[in-house]
Amino acid sequence: MKRIITFGTFDVFHVGHINILERAAALGDFLIVGVSSDKLNFSKKNRYPIYNEDDRKKIISSMKFVDEVFLEESLELKLEYIKKYNADILVMGDDWEGRFDWVKPACKVIYLPRTPSISTTEIIEVVKAIK
């Protein structure tokens with residue numbers, strides 16, 4: 001059985017999230033998703049997510065092609081998560097291209113193209129502008 005792992009914040013859930021998760025799932029038999037904690041998101045983006053970590057985990061868990069979800073506490077723990085969940089392939093969006101090549105001794109790394117013209121940050125900015 002080929003186990004796939006991926007990570008993300010998955011805030012303000014949109015079709016781009018569905019696309020990357022669906023494509024990641026198609027690469028194997030079991031999809032594990034690490035959802036960034038609120039604290040980790042703040043450290044990366046200097047803002048908290050719109051939806052809290054429990055809600056985001058519930059949203060991701062409800063998807064039919066996601067088999068397991070956990071809370072990602074640190075970017076530096078990627079290798080430990082890969083080992084803990086016995087992942088064969090790490091899948092990330094291509095905006096992270098090359099940034100996780102250091103885990104290649106433990107598993108294959110695939111960077112998938114993001115869905116064009118959609119991102120949570122853009123959605124948030126559009127909503128702010130409407131006010």
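## Rings, charges and cores

Mentor: Happy to! Let's begin with the aromatic rings: the count comes to six aromatic pairs. Keep in mind that this is a predicted model.

Trainee: How are the rings of phenylalanine 7 and phenylalanine 70 arranged?

Mentor: Their planes stand at 90 degrees and their centres are 5.9 Å apart, so the pair is edge-to-face.

Trainee: And which parts of the chain does that pair tie together?

Mentor: Phenylalanine 7 belongs to strand E1 and phenylalanine 70 to strand E3, residues 68-72, so the contact ties together parts 63 residues apart in sequence.

Trainee: Are those two buried or exposed?

Mentor: Phenylalanine 7 and phenylalanine 70 are both buried. Phenylalanine 7 also forms an aromatic pair with tyrosine 81, and that one is tilted, with 5.9 Å from centre to centre and 45 degrees between the planes.

Trainee: Where does tyrosine 81 lie?

Mentor: Tyrosine 81 lies in helix H4, residues 78-84, while phenylalanine 7 is in strand E1, so this pair ties together parts that are 74 residues apart in sequence. Tyrosine 81 counts as buried at 9% relative accessibility, and phenylalanine 7 does at 7%.

Trainee: Which residues form the aromatic cluster?

Mentor: Phe7, Phe70, Tyr81 and Tyr85 form one cluster.

Trainee: What sits over the ring of phenylalanine 7?

Mentor: The charged end of lysine 78 does, 4.0 Å from the ring centre.

Trainee: Then let's stay with lysine 78. Which residue does it form a salt bridge with?

Mentor: Its partner is glutamate 72, and the closest N and O atoms are 2.4 Å apart. Lysine 78 is buried, at a relative accessible area of 1%, and glutamate 72 is buried with 1% as well.

Trainee: How many salt bridges are there in total?

Mentor: The count comes to five. One of them joins arginine 47 to aspartate 11, with 3.8 Å between the closest N and O atoms.

Trainee: Which loops do arginine 47 and aspartate 11 come from?

Mentor: Arginine 47 is in the loop between helix H2 (38-45) and helix H3 (53-61), and aspartate 11 is in the loop between strand E1 (3-8) and helix H1 (15-25), so the bridge ties together parts that are 36 residues apart in sequence.

Trainee: Why does arginine 47 count as partly exposed?

Mentor: Its relative accessibility is 22%, and buried means under 20%. Aspartate 11, at 3%, counts as buried.

Trainee: Got it. Which residue does arginine 114 pair with?

Mentor: Arginine 114 forms a salt bridge with aspartate 95, and the closest N and O atoms are 3.1 Å apart. Arginine 114 lies in the loop between strand E5 (108-112) and helix H5 (120-130), and aspartate 95 in the loop between strand E4 (89-93) and E5, so the pair ties together parts 19 residues apart in sequence.

Trainee: How accessible are arginine 114 and aspartate 95?

Mentor: Arginine 114 is partly exposed, with a relative accessible area of 41%. Aspartate 95 is partly exposed too, at 44%.

Trainee: Changing topic: which residues touch the most other members in the largest nonpolar core?

Mentor: That core has 18 residues, and Leu21, Leu31, Val33, Ile60, Val66 and Val91 touch the most other members. At least two residues of this core come from each of H1, strand E2 (30-36), E4 and E5. H1 gives the most, with four residues.

Trainee: What does leucine 31 touch?

Mentor: Leaving out residues up to four places away in sequence, its contacts include Ile4, Leu21, Ala24, Phe65 and Val66. Apart from this core lies another of 17 residues, among them Phe70, Tyr81, Phe100 and Val103.

Trainee: Now for the whole protein. How many helices and strands does it have?

Mentor: There are five helices and five strands. From the N terminus on, the elements run β-α-β-α-α-β-α-β-β-α.

Trainee: And how much of it is buried?

Mentor: Buried residues make up 47% of the 131 residues. The protein exposes about 7,400 Å², and carbon and sulfur atoms supply 53% of that.

Trainee: Last one: what share of the contacts join residues at least 24 apart?

Mentor: It's 63%, among contacts between residues at least 6 apart in sequence.

Methods
Residues numbered from 1 in each chain as written. Predicted model: local features only at pLDDT ≥ 70, side-chain atom pairs only at ≥ 80, totals over all residues. Heavy atoms only, no water. Salt bridge = Lys/Arg side-chain N within 4 Å of Asp/Glu carboxyl O. Buried < 20%, exposed > 50% of the residue type's maximum accessible area, 1.4 Å probe, protein only. Core = buried A, V, L, I, M, F, W, Y, C linked by side-chain atoms within 4.5 Å. Contact = heavy atoms within 4.5 Å. Phe/Tyr/Trp six-rings, centres within 6.5 Å; stacked < 30°, edge-to-face > 60°. Lys NZ or Arg CZ within 6 Å of the ring centre and 35° of its normal. Areas by Shrake-Rupley, 256 points an atom, 1.4 Å probe, with all protein chains shown as cover.
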